[in-house]
Amino acid sequence: LTEITFSKEKLNYTITSDSQIQNIKGNFEAYGNVLIKSTNNNFEASSNKLTYDKDAKTLKLLGNVFVKNLDSEGLSIQESYGDELTIFTDSGLFKFNSENKNRVKTKLKF
C-alpha cells in the first residue's frame with residue numbers, strides 16, 4: 001500500500017498491489033492485482049500492472065484495465081474497460097487502447 005503524488009496539481013493516489021518498486025529516477029511500478037484510488041475524488045482503476053514514468057509524465061495501466069470516475073477536460077467517464085490506459089499526468093488527458101481485436105468499452109457522462 002503506497003500513497004503517491006503524480007501531478008503538478010498534487011492529486012494523491014493510493015496504490016495497492018502484490019508488489020511495488022521505485023527506482024532512483026523516481027519512476028514507479030506496481031505488479032499484480034493493482035488497485036489505484038484517488039484520495040481527492042472518486043477515481044478508481046484496476047489492472048495487472050501500473051507504471052509511472054516521471055520524465056514522460058505518464059501513468060500507464062496495463063492488462064485487464066477497469067476504470068471508474070475518470071474526469072478529463074470536462075469529459076466524465078463513468079466506467080471503461082480495455083487493455084492499456086495511459087494518463088498524461090501533466091495535463092490529465094488520457095488514451096485507451098485494446099489489443100488482440102478487443103475493443104475499448106466506455107460509459108460516458110456529459
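Tyr-81 counts as partly exposed, at 39% relative accessibility. The model shown in these views is predicted.

**View A. Tyr-81 pairs with Phe-66.** The two ring centres lie 5.0 Å apart. The planes meet at 45°, so the pair is tilted; an edge-to-face pair would need planes over 60 degrees apart. Phe-66 sits in strand 6 (residues 58-72) and Tyr-81 in strand 7 (residues 75-88). The pair therefore ties together parts that are 15 residues apart in sequence. Phe-66 is partly exposed, with a relative accessible area of 22%.

**View B. Tyr-13 pairs with Phe-43.** The structure holds two aromatic pairs, and Tyr-13 with Phe-43 is an edge-to-face one. The centre-to-centre distance is 5.9 Å, with 85° between the planes. Tyr-13 belongs to strand 2 (residues 12-16). Phe-43 is in the loop between strand 4 (28-38) and strand 5 (44-53). The pair links distant parts of the chain, 30 residues apart. Both Tyr-13 and Phe-43 are buried.

**View C. Strand 7 meets strand 9.** These strands run antiparallel and are joined by five bridges. Strand 9 covers residues 105-109. Here Tyr-81 has Lys-105 as its bridge partner.

**View D. Strand 7 and strand 8 form a hairpin.** Strand 8 (residues 94-97) runs antiparallel to strand 7, with four bridges joining them. Glu-84 has its bridge partner in strand 8, at Asn-97. Five residues lie between the strands of the hairpin. In this hairpin, Gly-92 takes a positive phi near 85°.

Note on methods: Residues are numbered from 1 along each chain as its sequence is written. This is a predicted model: local features need pLDDT of at least 70, side-chain atom pairs count only at pLDDT 80 or more; totals for chains, interfaces and linings use all residues. Side-chain values use heavy atoms; hydrogens and water are left out. Rings of Phe, Tyr and Trp (its six-membered ring) pair if their centres lie within 6.5 Å; planes under 30 degrees apart count as stacked, over 60 as edge-to-face and the rest as tilted. Helices (H or I, at least four residues) and strands (E, at least two) are DSSP runs, numbered from the N terminus. Buried means under 20% relative accessible area, exposed over 50%, partly exposed in between (1.4 Å probe, protein chains only). Two strands pair if DSSP finds at least two bridges between them.
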